[in-house]
Amino acid sequence: MLIVFLITLYSNSSQKTKNKIKSEAFLSPEIELGAGSVVNKFYFDVNFPRGHIALKSFNVEVIDEAGNHIPLQEIYIHHWVLIKYHKPKHNNGHHQVSLRRNSGLCQGNIQGQYFGLGSETGGTDLEIPDPFGIEVGNPKEIPDGYEEAWILNIHAIDTRGVEDKLGCIECKCNLYNVTKDENGYPLRPNYQGGLKCCYDNTQCKLKKGFEGPRRRFYLKYTVKWVDWDDYAMPLKIYVFDITDNVQMPYGYGSKEMSSNHDCRSEYDVEACNTAYKEGSDCIDVKKTYLPMESGGYVIYGVAHQHSGGIGSALYGQDGRIMCSSIPRYGEEGYVVGMSTCYPEPGSMKIMDGEILTFESNYSNTRGHTGVMGLFYLLVAEQLPHQHKKHSSRA
Ligand SMILES: *[C@@H]1O[C@H](CO)[C@@H](O)[C@H](O)[C@H]1NC(C)=O
Ligand SMILES: *[C@@H]1O[C@H](CO)[C@@H](O)[C@H](O)[C@H]1NC(C)=O
């Protein structure tokens with residue numbers, strides 16, 4: 001009896017890994033840009049695989065109407081973000097949105113993502129090893145009368161013909177001739193650049209006399225998934241933000257710590273004064289502390305940095321390095337990929353209540369505005385051999 005049972009189990013699990021990986025490429029709505037212009041749009045209810053599934057991989061490319069790749073020297077993706085929400089099955093036209101955030105600590109949209117990256121997206125892999133997956137569409141988690149849907153936020157800058165490409169992608173306010181933010185509020189003094197200066201429909205300064213046609217593009221995202229089954233193991237998504245200035249009023253190790261987060265998404269890097277600091281490395285090191293209420297096993301990690309970034313890492317409370325992620329540069333100083341971490345499942349454990357250190361380094365041989373430091377981490381609360389517990393989830 002036992003042998004038969006084991007054989008059944010075995011054949012079931014080997015069957016699982018062989019079959020039913022599904023893959024589909026989806027297109028965002030059509031987006032139009034003129035030379036030097038910016039879009040920052042939120043598209044509701046975009047195409048996405050349906051059903052109770054385990055997401056395994058996610059890949060993004062910018063293409064034109066003919067399906068050809070558009071290089072990031074022409075259309076720069078500042079960021080794209082995919083956010084999960086519940087929408088009423090029968091709504092009357094307007095979007096009643098109940099965001100379903102990831103497990104991270106920040107409250108912003110960018111940090112609440114399921115997936116997201118920037119210009120480096122084409123050169124950064126995300127392939128979740130078996131039997132793990134990002135669980136979506138679990139009917140038990142969707143309230144009656146609602147269905148799961150996805151918001152795609154795309155922030156793109158068309159840099160054809162601009163006077164200063166790096167200045168435009170760093171959203172320097174003077175190049176956009178912006179002195180008030182999107183809502184009409186004056187910028188704070190010394191705000192030199194960042195998202196408040198390159199909002200939807202702003203225009204970066206073009207070279208004198210440059211004229212380029214408007215162009216249409218799409219974000220093409222290729223998703224791989226498997227149907228959810230008893231062998232699949234769910235992952236939690238954390239997105240850490242280096243600007244998260246965690247308040248620790250109740251002292252190190254207290255649960256209360258996680259209540260106060262101030263995540264601003266972006267920060268500035270001041271140029272080092274080489275003449276002043278003889279022999280200085282000119283590296284801007286930024287750190288933040290991340291209290292993890294519950295731990296688990298790191299399955300995947302990757303950072304997001306902008307041009308000028310030179311590496312980012314997560315450390316455990318005892319100083320052990322959990323994952324470091326380094327940008328790869330292409331032509332004209334663009335980040336075209338980030339290195340990723342796939343620790344052997346089980347080998348990299350975060351303890352309950354552990355306080356991680358997150359570090360983001362930028363070169364400051366020149367100053368930068370509006371740079372980002374994010375860390376995207378996938379964590380399993382259980383490993384396959386601990387799978388017994390799964391019946392209690394049901
Ligand atoms: C910049 O903005 C000001 C006022 O908002 C406007 O008067 C001026 O013409 C703009 N300059 C350019 C170069 O667009
Ligand atoms: C960041 O820079 C500091 C100072 O040079 C260095 O000690 C640290 O290892 C760097 N971290 C990463 C992730 O590159």
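This is a predicted model: local features need pLDDT of at least 70, side-chain atom pairs count only at pLDDT 80 or more; totals for chains, interfaces and linings use all residues.
**Ligand 2**

I looked up the residues around ligand 2 and found Ile283, Val285, Ser312, Ala313, Glu359 and Asn361. By class, I have 3 nonpolar, 2 polar and 1 charged residues in this shell. For glutamate 359, I noted a side-chain N or O atom 2.8 Å from a nitrogen atom of ligand 2. For asparagine 361, a side-chain N or O atom is 2.3 Å from an oxygen atom of the ligand. On its own, ligand 2 has 370 Å² of accessible area, and the protein covers 58% of that. Strands S13 (283–291), S15 (309–315) and S21 (355–363) each give two or more residues to the shell.

**Disulfides**

I find 5 disulfides in the structure, and I went through three pairs, including cysteine 171 with cysteine 198.

In that pair, the S to S distance is 2.1 Å, and the link is right-handed, with 70 degrees about the S-S bond. Cysteine 171 sits in the loop between helix H2 (165–169) and helix H3 (173–176), and cysteine 198 in the loop between H3 and strand S10 (215–227). I count cysteine 198 as buried because its relative accessibility is 0%, under the 20% cut-off.

Cysteine 272 and cysteine 282 have their sulfur atoms 1.8 Å apart. Their S-S torsion is about 80 degrees, so I noted this disulfide as right-handed. Both cysteines lie in the loop between strand S12 (267–269) and S13, 10 residues apart.

Cysteine 323 is joined to cysteine 341. Cysteine 323 lies in strand S16 and cysteine 341 in strand S19, so the link ties together parts 18 residues apart in sequence. I have cysteine 341 as buried, at 12% relative accessible area.

Conventions. Residues are numbered from 1 along each chain as its sequence is written. Chains are lettered from A and ligands numbered from 1 in the order in which they are written. Side-chain values use heavy atoms; hydrogens and water are left out. A residue is near a molecule or strand if one of its heavy atoms lies within 4 Å of it. A polar contact is a pair of N or O atoms within 3.5 Å; within protein, one must be able to donate a hydrogen and the other to accept it, and residues adjacent in sequence count only if both atoms are side-chain atoms. Accessible areas come from the Shrake-Rupley method with a 1.4 Å probe; for residues, only the protein chains shown count as cover. Helices (H or I, at least four residues) and strands (E, at least two) are DSSP runs, numbered from the N terminus. Ala, Val, Leu, Ile, Met, Phe, Trp, Tyr, Cys and Pro count as nonpolar, Asp, Glu, Lys and Arg as charged, and the others, Gly among them, as polar. A disulfide is a pair of cysteine sulfur atoms within 2.5 Å. Buried means under 20% relative accessible area, exposed over 50%, partly exposed in between (1.4 Å probe, protein chains only).
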